[in-house]
Amino acid sequence: MAGVAAVYSVLIYLAAWAAWTDRRWGDWLLVALLVVPLPLEVIELIHSKSTSDLVVLGLTLLGLTLVTRRALRR
């Protein structure tokens, strides 16, 4: 599990750096990395029905919307 988390964090860092330096592929990598946890976040929200899970899902959807808009604008 730690290995998966390490790989995911390196990919997030790479995507954020690429988006920051205006590389188009960085935006699309961020979109992909934001889509990956969505099913798990929805399942967690259904099972626990907590405010914190709702906030996390909302922030993920907000980030996904913003990054997708930026990627499509280019």
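Among the contacts that link residues at least 6 apart in sequence, 47% join residues at least 24 apart. The model is a predicted one, and its secondary structure comes to 4 helices and 0 strands, so that the order of elements from the N terminus reads α-α-α-α. Of the 74 residues in the protein, 27% are buried.

**Overall dimensions and surface**

- Taken along the principal axes, the C-alpha atoms of the protein fill a box of roughly 40 × 30 × 15 Å.
- The protein exposes about 5300 Å², and carbon and sulfur atoms supply 75% of that area.

**The largest nonpolar core**

- The largest nonpolar core is made up of 11 residues, namely Ala15, Ala19, Leu30, Val31, Leu33, Leu34, Leu38, Leu45, Leu57, Leu64 and Val67.
- Two or more residues of this core are given by each of the helices H1 (2-20), H2 (24-35), H3 (38-48) and H4 (51-73), and the largest share, 4 residues, comes from H2.
- Leucine 64, itself a member of this core, is in contact with Val31, Leu34, Val35 and Leu38 when its neighbours within four places in sequence are left aside.

**Helix H4**

- Helix H4 has 23 residues and reaches 33 Å from its first C-alpha to its last, which is close to the 33 Å expected at 1.5 Å a residue.
- The buried residues of H4 are Asp53, Leu57, Thr60, Gly63, Leu64, Val67 and Ala71, and they pack against H2 and H3.
- As background to the spacing of positions along such an element, an α-helix has 3.6 residues a turn, so residues three or four places apart point the same way.
- Leu57, Leu64 and Val67, which are among the buried residues of H4, also belong to the largest nonpolar core.

**Leucine 40 in helix H3**

- Leucine 40 lies in helix H3, and with a relative accessible area of 61% this residue counts as exposed because the value is over the 50% cut-off.
- Leucine 40 and leucine 57 are 17 residues apart in sequence, while their C-alpha atoms are 9.7 Å apart in space.

Key:
Residues are numbered from 1 along each chain as its sequence is written. This is a predicted model: local features need pLDDT of at least 70, side-chain atom pairs count only at pLDDT 80 or more; totals for chains, interfaces and linings use all residues. Side-chain values use heavy atoms; hydrogens and water are left out. A nonpolar core is a set of buried Ala, Val, Leu, Ile, Met, Phe, Trp, Tyr and Cys residues joined through side-chain atoms within 4.5 Å. Buried means under 20% relative accessible area, exposed over 50%, partly exposed in between (1.4 Å probe, protein chains only). Contact means heavy atoms within 4.5 Å. Accessible areas come from the Shrake-Rupley method with a 1.4 Å probe; for residues, only the protein chains shown count as cover. The expected span of a helix is 1.5 Å times one less than its number of residues.
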